[in-house]
Amino acid sequence: MEYTPAKHIVYRDKGYDWFGTEYKMNIYRGCCHGCIYCDSRSDCYQIDRFDTVRAKENALAIIRDDLRRKVKPGVVMTGATSDPYNPFEEELQLSRHALELISAYGFGVGIATKSPLIVRDIDILLDIMEHSPVIAKLTITTVDDDLGKRLEPYAPPVSQRFAALNQLTDKGIFAGVLLMPVLPWITDSPEQILALVERARECGARFIYPWFGLSMRSGQREHLYAQFDERFPGMREKYTAAFGERYNCPSPRAKKLYGLFCAACDAAGILYRMDDIIKSYRMGYEGTQLTFF
């Protein structure tokens, strides 16, 4: 494991539009999942050797000091640019001990991950729920393990992520799915979207938050196209013709898919609008509730 210096790790978030979190935290830098579409690979994030995971030096001491300096507790988001449950976490347990600090200082937590290792820390998540909101987000882009392997070659199989989702919801943790990106001409069929909603329902998902498209910008675009040439021959040409140099690249079927998705979620009792998700997971924690529109 390599280490990288850091002065602070828990930062104030700039807005409440992303799952109502007040703070953000990344203990690791880089990612080894190898997802062909990852936006965090973009040049703007300035993460050199992105595929090499590095932990931040003295992470736990820094997180402790950052938390105790905060005037107001809130929800700490982790997993935005680097998965907190990468394979090294199983031994290092930095994310686990950070959750213990979050609980000790009276903060809530929002976790985004592609790893079933999150279930190891259910005990701490339940401790945090005694005083603060908790939301767990499993990124799942397909129900097909084989297709998932082509898109996310070194990430845990999607079937294991669904199993983790089931374990989280069985324990009463507010957990659901980040359905993003939805890749045009690869994962944007009605059959795939409806199958994912059904599988999430079977696992007790409280929410699914979708994006029917993907982002492409410098650094990430070139990597994606190189991966297309290897894994999805001919797809580069489709994307180049449809999107050019655009950043926001919606599926041509986005409007139809969203209608089908909403109807399926409504029938299953699954939330999918951001404000509804935020209100639901923060319900009962009036001290950290947000003021909505």
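Which residue in β5 is the bridge partner of threonine 4? In this predicted model, local features need pLDDT of at least 70 and side-chain atom pairs count only at pLDDT 80 or more, whereas totals for chains, interfaces and linings use all residues. Residues are numbered from 1 along each chain as its sequence is written, and side-chain values use heavy atoms, with hydrogens and water left out.

The bridge partner of threonine 4 in β5 is lysine 56. Strands (E, at least two residues) and helices (H or I, at least four) are DSSP runs numbered from the N terminus, and two strands pair if DSSP finds at least two bridges between them. β1 and β5 (residues 54-56) run parallel and are joined by three bridges. Three strands, in the order β1-β5-β4, form an open sheet with mixed pairing. Because β1 (2-4) and β4 (28-29) stand at the edges with a single partner strand each, one side of each lacks a neighbour in the sheet.

The loop between β4 and β5 contains serine 40. Serine 40 has a relative accessible area of 8% and is therefore buried (under 20%; exposed is over 50%, partly exposed in between, with a 1.4 Å probe and protein chains only). Leaving aside residues up to four places away in sequence, serine 40 touches Tyr45, Ile47, Phe50, Ala80 and Thr81, where contact means heavy atoms within 4.5 Å.

In helix α11 (residues 274-282), the buried residues include Met274, Ile277, Ile278 and Tyr281. Among the elements that cover the buried residues of α11 are β6 (75-78), β8 (134-139) and β10 (207-210). Glycine 284, with a positive phi near 95°, follows α11.
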